[in-house]
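Please look over the sequence and the structure shown here before reading on.

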Amino acid sequence: MTTDHTLDIAIQLASPDEEIRLRAAQTLATAEVNDAEQMLVSALGDASWQVRRAVVNSLIQRQGTSTGTLLLRSLRQHHHNPSILNGVLQVLNHYHIDTVPALIECLKDADVDLRIYAAQALGGQHDNRAILALICALEDSNINVRYHAIDALGHLQADEAVAAMLKIAKSGDCFLAFAALDTLKRIGDRTKIPLLEDEIFHTSAANTLS
């Protein structure tokens, strides 16, 4: 298509009207437009979740040769933005591009929300390379990051985390202790479930053993 048409699509993607942006994102799924992949990647941070979903679907449909490179560059430059990070990971996972190293780096970021998201995402990667980094995240200064690291280790059924889970379960912190007990259940280590006699944890611990 012409340069003018490419400009028209770019203007539509920047429109204050959500419906116009949505139609533009959907059009780019198949339209022969110059820099279509670049425009879509740039739109991953759109304020509307519907537009972002359309952008992800369009990127998956296009499967352009430059898309992977553009996505990885966006991940490095905009990993502090959870909306962009989420969209990038969805498309990269569809392309079977390795995202674990980038997510592990995100666990070290100064942005708490990004660390939380990285912990959640690593739990869904089913990749044991994330285990050591998630165990390190159990010492994070933010309790929500620690909670999601515990949960992610459960999803990964990380035997290496048993000792850490037992320590957390005995810590007296109800918020984290229940999560640790649930992770022990997922891991399958039922021989050392603590706090069975503790009134607060009795039900949770008993369910873990059952």
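## The largest pocket

Which residues line the largest pocket? In this predicted model, where local features need pLDDT of at least 70, side-chain atom pairs count only at pLDDT 80 or more, and totals for chains, interfaces and linings use all residues, the lining is made up of Ile135, Cys136, Leu138, Glu139, Arg146, Ile150, Ala164, Lys167, Ile168, Ser171, Asp173 and Leu176. Residues are numbered from 1 along each chain as its sequence is written, and side-chain values use heavy atoms, with hydrogens and water left out.

The elements that each give two or more residues to this lining are α9 (131-137), α10 (143-155) and α11 (162-169), and α11 gives the most, with three residues.

Leaving aside neighbours within four places in sequence, Leu44 is in contact (heavy atoms within 4.5 Å) with residues including Arg52, Val55, Leu59, Leu71, Ile84 and Val88.

## Gln12

Gln12 is found in helix α1 (residues 3-13), helices being DSSP runs of H or I with at least four residues. With a relative accessible area of 30%, Gln12 is partly exposed, a class that lies between buried (under 20%) and exposed (over 50%), using a 1.4 Å probe and protein chains only.

Not counting residues up to four places away in sequence, Gln12 touches Ile20, Arg21 and Ala24, while the C-alpha atoms of Gln12 and Leu22, ten residues apart along the chain, are separated by 8.8 Å.

Terms used
1 Å grid on protein atoms, 1.4 Å probe; cavity = no way out; pocket = protein on both sides within 12 Å on 5 of 7 lines; lining within 4 Å.
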